[in-house]
Amino acid sequence: MSEGMLRMYISFGGMGALVLSAVLILFARHKLKGFFRIVVSILAYLLLIIGGIIIFIIVFSGPTD
């Protein structure tokens, strides 16, 4: 597998983490209460941070040869 294809799959993982975090944040705000709301929100914000870091690294690492 080439480096470009590997970066593409990693960026898909980052985008998936961003989408999943958005869904979890909405779910936690509208459907959950109490302890579960806090746990799901923390998980969602962690996914948001991780997904953002992955996308940032992939975009600013530049083109491949």
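The following legends describe close-up views of a predicted model.

Local features are taken at pLDDT of at least 70 and side-chain atom pairs at pLDDT 80 or more, whereas totals for chains, interfaces and linings use all residues. Residues are numbered from 1 along each chain as its sequence is written, and side-chain values use heavy atoms, without hydrogens and water.

Helix H1 covers residues 3–31; helices here are DSSP runs of H or I with at least four residues, numbered from the N terminus. The 29 residues of H1 should span 42 Å at 1.5 Å a residue, and the 41 Å between its end C-alpha atoms agrees with this. The expected span is 1.5 Å times one less than the number of residues in the helix. The residues of H1 that are buried are Arg7, Ser11, Gly14, Ala17, Ser21, Leu24, Ile25 and Ala28. Buried denotes under 20% relative accessible area, exposed over 50%, and partly exposed the range in between (1.4 Å probe, protein chains only). These buried residues of H1 pack against helix H2, residues 35–60.

From first to last C-alpha, the 26 residues of H2 reach 38 Å, close to the 38 Å expected at 1.5 Å a residue. Within H2, the residues Val40, Ser41, Ala44, Leu47 and Gly51 are buried. The buried residues of H2 pack in turn against H1. Just after H2, Gly62 adopts a positive phi of about 90°.

**View C. The largest nonpolar core.**
Eight residues make up the largest nonpolar core: Ala17, Leu24, Ile25, Ala28, Leu32, Val40, Ala44 and Leu47. H1 and H2 are the elements that give two or more residues to this core. The most comes from H1, which gives four residues. Such a core is a set of buried Ala, Val, Leu, Ile, Met, Phe, Trp, Tyr and Cys residues joined through side-chain atoms within 4.5 Å. Apart from neighbours within four places in sequence, Ala17 is in contact (heavy atoms within 4.5 Å) with Leu47 and Gly51.

How many salt bridges does the rule give? The count comes to one, where the rule requires a side-chain nitrogen of Lys or Arg within 4 Å of a carboxyl oxygen of Asp or Glu. Glu3 is joined to Arg7 by a salt bridge whose closest N and O atoms are 3.0 Å apart. Because Glu3 and Arg7 are four residues apart in helix H1, about one helical turn separates them. Glu3 is partly exposed, at a relative accessible area of 47%, whereas Arg7 has 19% relative accessibility and therefore counts as buried.

When residues up to four places away in sequence are not counted, Arg7 touches Ile58, Ser61, Gly62, Pro63 and Thr64. Is Ser11 buried or exposed? Its relative accessibility is 12%, so Ser11 counts as buried. With the exclusion of residues up to four places away in sequence, Ser11 touches Ile55 and Ile58.

**View F. Met1 and the segment before H1.**
Met1 is placed in the segment before helix H1. Met1 counts as exposed because its relative accessibility is 78%. Leaving aside neighbours within four places in sequence, Met1 is in contact with Leu6 and Tyr9. The C-alpha atoms of Met1 and Thr64 are separated by 13 Å, with the two residues 63 residues apart along the chain.

**View G. The nonpolar surface patch and Tyr9.**
A nonpolar patch on the surface is formed by Met1, Met5, Leu6, Tyr9, Ile10, Phe12 and Met15, which together have about 730 Å² of accessible area. Patches comprise residues with over 30% relative accessible area and no salt bridge, like charges being joined within 9 Å and nonpolar side chains (Val, Leu, Ile, Met, Phe, Trp, Tyr) within 5 Å. Accessible areas follow the Shrake-Rupley method with a 1.4 Å probe, and for residues only the protein chains shown count as cover. Tyr9 is found in helix H1 and counts as partly exposed at 44% relative accessibility. Tyr9 and Leu46 are 37 residues apart in sequence, and their C-alpha atoms are 20 Å apart in space.
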